[in-house]
Amino acid sequence: MRVEEEVVPDEPQYALVRAARTASVLVVGTRGRGGVAEVLLGSVALAVAAQAGCPVVVLRGSHDSQAVPPVRGRVVVGVGEHPAALRFAADEARRRGVPLEAVRAWRCPAYETTDLPLAAGEAAHLHEKRAAEELHAALADVPAGVEVHARTVEGPAREVLVDASHTADLLVVGARRHEGRLSPHLGRVTHTALHRSACPVAVVPHGEEGD
């Protein structure tokens with residue numbers, strides 16, 4: 001493996017976003033600071049994740065700034081409408097030789113719930129079934145040889161994925177790149193994952209997010 005070093009006279013976020021133009025993956029770190037402050041992601045890491053044109057892996061250190069070793073043996077991906085994050089996660093699981101856990105969150109809209117338990121249960125069942133069908137269809141493109149564990153979970157996608165991160169060595173999420181904005185912006189799913197994930201997060205640019 002060849003390692004190259006470069007010192008750049010520029011602000012870190014601008015230098016890293018520029019470097020991402022010719023990179024397949026960009027890795028950035030953010031130091032854990034202990035207590036409540038530990039959930040706050042550094043501004044450089046957040047800006048790079050929002051602006052880079054390639055996948056960005058954000059590594060969070062422990063309270064003593066040491067890297068957290070991979071011990072759980074799985075990659076988790078949030079499966080949405082766009083395949084880029086799933087492709088990245090499948091490739092990462094294959095390289096690591098670990099299972100891929102594909103998670104699809106679903107919710108039953110409030111206007112479909114009623115005071116009648118039977119009707120509410122039927123509505124929820126339909127949404128869960130649709131989520132399972134969409135997940136199954138998305139996984140059809142996962143390369144052979146990757147062990148896949150698929151599951152649907154009721155709840156907001158951002159909360160479902162944060163919960164899943166506690167049993168993962170890497171959480172993969174998709175993020176829309178908002179062209180034309182004057183400042184970095186990430187949707188709620190990606191933003192929450194970056195601030196609250198219990199493991200490293202890979203942010204893969206693609207289409208719109210859910211909530």
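Visitor: How are H5 and H6 oriented to each other, roughly parallel or roughly perpendicular?
Guide: In this predicted model, helix H5 (residues 157–165) and H6 pack at an angle of about 30°. Angles under 35 degrees count as roughly parallel, and H5 and H6 are therefore roughly parallel to each other.

Visitor: How far apart are their axes?
Guide: The axes of H5 and H6 are 9 Å apart.

Visitor: And the crossing of H5 with H6, left-handed or right-handed?
Guide: H5 passes H6 in a right-handed crossing.

Visitor: Which residues meet there?
Guide: From H5, the residues are Ala157, Arg158, Glu159, Leu161 and Val162. In H6 they meet Arg188, Val189, Thr192, Ala193 and Arg196.

Visitor: What is that contact like by class?
Guide: The contact of H5 with H6 has five nonpolar, four charged and one polar residues.

Visitor: Let us move to H1 and H2. At what angle do their axes cross?
Guide: The axes of helix H1 (residues 12–19) and helix H2 (residues 43–51) cross at roughly 30° and come within 9 Å. H1 and H2 are therefore roughly parallel to each other. The crossing in which H1 passes H2 is right-handed.

Visitor: What makes the contact?
Guide: H1 contributes Pro12, Gln13, Leu16 and Val17, while H2 contributes Val44, Ala47, Val48 and Gln51. By class, this contact of H1 with H2 divides into six nonpolar and two polar residues, with no charged ones.

Visitor: Now a change of topic. How many cavities of 30 Å³ or more are there in the whole structure?
Guide: The search finds one cavity of 30 Å³ or more. The volume of the largest cavity is about 40 Å³.

Visitor: Which residues are the closest to its centre?
Guide: Of the 10 residues that line the largest cavity, Val58, Arg60, Leu194, Cys199 and Val201 are the closest to its centre. Strand S2 (56–60) and helix H6 (188–196) are the elements that give two or more residues to this lining.

Visitor: What classes does that lining contain?
Guide: The lining of the largest cavity has seven nonpolar residues, two polar and one charged.

Visitor: And pockets: what volume has the second largest pocket?
Guide: The second largest pocket has a volume of about 340 Å³.

Visitor: Which residues line the second largest pocket?
Guide: The lining consists of Glu4, Glu5, Glu6, Val8, Ala15, Arg18, Ala19, Ala23, Val25 and Leu26. By class, these residues divide into six nonpolar and four charged, with no polar.

Visitor: Which element gives the most to that lining?
Guide: H1 gives the most to the lining of the second largest pocket, with three residues.

Technical notes
Residues are numbered from 1 along each chain as its sequence is written. This is a predicted model: local features need pLDDT of at least 70, side-chain atom pairs count only at pLDDT 80 or more; totals for chains, interfaces and linings use all residues. Side-chain values use heavy atoms; hydrogens and water are left out. On a 1 Å grid over the protein atoms alone, a cavity is a set of points where a 1.4 Å probe fits but cannot get out, and a pocket is an open set with protein on both sides within 12 Å along at least five of seven lines; lining residues have an atom within 4 Å of a point. Grid points are joined across faces, edges and corners, and a volume is the space filled by probe spheres set on the points. Helices (H or I, at least four residues) and strands (E, at least two) are DSSP runs, numbered from the N terminus. Ala, Val, Leu, Ile, Met, Phe, Trp, Tyr, Cys and Pro count as nonpolar, Asp, Glu, Lys and Arg as charged, and the others, Gly among them, as polar. Axes are lines fitted to C-alpha atoms, for helices over the stretch in contact, and angles run from 0 to 180 degrees between N-to-C directions. Angles under 35 degrees count as roughly parallel, over 145 as roughly antiparallel, 65 to 115 as roughly perpendicular and the rest as oblique. A crossing is left-handed if the near helix is turned anticlockwise from the far one by less than a right angle, and right-handed if clockwise. Contact means heavy atoms within 4.5 Å.
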